[in-house]
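Please open the viewer and keep the sequence beside it as you go.

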Amino acid sequence: MQRVLCIGETTVDLIAFPVETIELNTDYHYLESFLIKAGGDAHNNAVDMARLGNRVTYVGPFGDDIFADNCLESLKKEKVDISNIIRYPGVKQSKSLILLNSEGKRTFYQNFASSEAFESADINTALLDDADILQIAGTFHMKKFDGEGAAGILKKAKEKGVITSMDVTTDRTGRWGEIIECYYPYLDYFLPSIEQAVHLTHKERVSEMAEYFIEKGVGHVV
C-alpha cells in the first residue's frame, strides 16, 4: 500500500448520449441517456488509486452547490480522505457537458469555476510529510495554481523524497510549455497524451517527444 496525495481538479460530468449533430433551430431532441457523474482528472486518479488498495488523500477545489456535494460523496464512497479539500463560498462547481455520439466520438463544453479559484496557498504542504507519491492532475484548468504555484509544490515534494507524477489537460490559451516547463525538473513521471505532447514539444515522433521531456529533466515519460 502506498500513501498517495492527489492534488487538482474535480468536475461534474453531464453526459448526453447519443448526440449525432447539434441543431439549435429545433426545441426538442430525444436522448437515450443523460448521466450526471463525478469526474475530473484528480478526482478520477484518487478514486482509481483508492480502489487499487492505496491510502489516498485528496486536495482540490470545490464549489458550494449541490454538484460539489455529489462529487464529495463520490470520494467518500471510495474512502478517500477529503479532510483537506477547499470549498469556495459563492463559487459553482466546475462542470463538463459531454456530448457523445453513437460511434463513441465526443466533444466537451466546460466551465472551470471552482478550478479557477484554486491556488497553492490553499494547500497544507505538511501533507507531503505523510505521502509516498504526489499526483497532480487537471493542469491548464487551474489558472491560479498552474505555473509557479504547482512548481513550488513539486519542488517541496522532491525535497522530501516524494515520488512526483503529473498529467495535463488541454491548454486553450495556447501557452502550453510556457506554463509548465518549470515543472519538468521536479517530475519523476509525466503522463501527457500524444496530442498534448505534440503541442508541448512541437515534435511528431513519439521517441522525439520522450527525448524532449527527458532532456528537460523529466525522469520517466508515459
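**Stop one: aromatic rings**

Select Y184, F190, Y212 and F213: together these residues form one aromatic cluster. Keep in mind, here and at every later stop, that you are looking at a predicted model. Across the whole structure, a search finds seven aromatic pairs.

For one of those pairs, select F118 and F145, whose rings form a tilted aromatic pair. The ring centres are 5.1 Å apart, and the planes make an angle of 35 degrees. Why does this pair tie together separate parts of the chain? F118 is in the loop between α3 (113-117) and β9, while F145 is in the loop between β9 and α4, so the pair links parts that are 27 residues apart in sequence.

Switch to a cartoon view and look for an open sheet of six strands. What is the order of its strands? Reading across, you meet β4-β1-β9-β10-β11-β12, with parallel pairing. The edge strands are β4 (55-59) and β12 (220-221), each of which pairs on one side only.

Zoom in on the β12 end and select strand β11, residues 189-190. Strands β11 and β12 pair in the parallel sense over two bridges. Opposite F190 stands V221 in β12.

**Stop three: backbone details**

Next, select F17 and P18, and display the backbone atoms. A cis peptide bond joins these two residues, with omega at about -10 degrees. P18 is found in the loop between β2 (11-17) and β3 (33-39).

Now move to K79, in the loop between α2 (66-77) and β6 (86-87). K79 is not a glycine, yet its phi is positive, at about 60 degrees.

Finish at F140, which lies in the loop between β9 (133-139) and α4 (148-159). F140 also has a positive phi, of about 90 degrees, although it is not a glycine.

Notes:
Residues are numbered from 1 along each chain as its sequence is written. This is a predicted model: local features need pLDDT of at least 70, side-chain atom pairs count only at pLDDT 80 or more; totals for chains, interfaces and linings use all residues. Side-chain values use heavy atoms; hydrogens and water are left out. Helices (H or I, at least four residues) and strands (E, at least two) are DSSP runs, numbered from the N terminus. Two strands pair if DSSP finds at least two bridges between them. Rings of Phe, Tyr and Trp (its six-membered ring) pair if their centres lie within 6.5 Å; planes under 30 degrees apart count as stacked, over 60 as edge-to-face and the rest as tilted.
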